[in-house]
Amino acid sequence: GWNGAVEIGPGGRTTRVGFRIGLATSRDGRSWTKVRGSESEGAAFPLGAATAFDRKGASHPWVLRQPDGFRMWYEAFDGRSSRIATAWSSDGLVWGKQGVALDLGGPATADELGLSHPVVFARQGRFELWYEAAGRGTPAHRILRALSPDGLRWTRAGEVGLHPVPPVSGEERIHVGSVLVQP
């Protein structure tokens, strides 16, 4: 959720801040009831402290059930850039943050400016992460992937080829929000 908060930065640039993760439940998958959390404005997941990687926003969660609980990957925003962070819960209600799972890429990489919208699935004995990446190249936004043996340590594995070649424009944007894995 987002309460409409913004910050005005250099040159009058407006940045949306304060995204938070909530919780809703359903018995049938069609009708949902919000569950008021203990965090600010009823959120179920807290923003980070004043110097944390998620101090300005926590959003776009992706949760997988694990044998002894739940792991969540989410978009963590520090006010300048987004990264993919992870948290753990034994019950799906109370979460412990575990830090940045995948940080910004280096100079001239497709994800040097930000990572967002994580989608994680388990396949062939490992975890696979798809995410939206922002870089200085053309197109500026791409879908990248990373691989992990445990969901914590990730190795970049290149781009998911969804863009037309050549790109329609430098500003074209493809979002990843869900992935259906066929056996």
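Here is the chat that followed.

Q: What kind of model is this, and how are residues numbered?
A: It is a predicted model: local features need pLDDT of at least 70, side-chain atom pairs count only at pLDDT 80 or more, and totals for chains, interfaces and linings use all residues. Numbering starts from 1 along each chain as its sequence is written, and side-chain values use heavy atoms, with hydrogens and water left out.

Q: How many helices and strands in the protein chain?
A: Zero helices and twelve strands. Here helices (H or I, at least four residues) and strands (E, at least two) are DSSP runs, numbered from the N terminus.

Q: And how much of the chain is buried?
A: Buried residues are 40% of the 183. Buried means under 20% relative accessible area, exposed over 50%, and partly exposed in between (1.4 Å probe, protein chains only).

Q: Pockets next. How much space lies in the largest pocket?
A: About 920 Å³. A pocket is an open set of points on a 1 Å grid over the protein atoms alone, where a 1.4 Å probe fits, with protein on both sides within 12 Å along at least five of seven lines. Lining residues have an atom within 4 Å of a point. Grid points are joined across faces, edges and corners, and the volume is the space filled by probe spheres set on the points.

Q: Which residues are closest to the centre of the largest pocket?
A: Arg 13, Thr 15, Phe 77, Arg 80 and Ser 82, out of 33 lining residues. Elements giving two or more residues to that lining include strand 5 (57-66), strand 6 (69-77), strand 9 (114-123) and strand 10 (126-134).

Q: What is the lining of the largest pocket like by class?
A: Eleven nonpolar, 14 polar and eight charged residues. Ala, Val, Leu, Ile, Met, Phe, Trp, Tyr, Cys and Pro count as nonpolar, Asp, Glu, Lys and Arg as charged, and the others, Gly among them, as polar.

Q: How much space is in the second largest pocket, and what lies nearest its centre?
A: About 280 Å³. It has 15 lining residues, with Gly 1, Gly 22, Glu 41, Gly 42 and Ala 43 nearest the centre. By class, that lining has five nonpolar, six polar and four charged residues.

Q: Glu 41 again. Where is it, and what is its phi?
A: Glu 41 sits in the loop between strand 4 (33-35) and strand 5. Its phi is near 60 degrees, positive in a residue other than glycine.

Q: What about phi at His 60?
A: Positive too, at about 50 degrees. His 60 is in strand 5. With 34% relative accessibility, His 60 counts as partly exposed.

Q: Which peptide bond is cis?
A: The one from Thr 138 to Pro 139, with omega near -5 degrees. Pro 139 is in the loop between strand 10 and strand 11 (141-148). For context, most residues other than glycine have a negative phi, and most peptide bonds are trans.

Q: Switching to charges. How many salt bridges?
A: Ten. The rule is a side-chain nitrogen of Lys or Arg within 4 Å of a carboxyl oxygen of Asp or Glu.

Q: What does Arg 83 pair with?
A: Asp 78, at 3.0 Å from N to O, and Asp 103, with the closest N and O atoms 2.6 Å apart. The Asp 103 pair links distant parts of the chain, 20 residues apart: Asp 103 is in the loop between strand 8 (96-102) and strand 9, and Arg 83 is in strand 7 (residues 82-89).

Q: Are those three buried or partly exposed?
A: Asp 78 is buried, at 14% relative accessible area. Arg 83 is buried, also with 14%. Asp 103 is partly exposed, at 37%.

Q: What about Glu 159 and Arg 142?
A: Their side chains meet in a salt bridge, 3.0 Å from N to O. Glu 159 is in strand 12 and Arg 142 in strand 11, so the pair ties together parts 17 residues apart in sequence. Glu 159 is partly exposed at 36%, while Arg 142 is buried at 19%.
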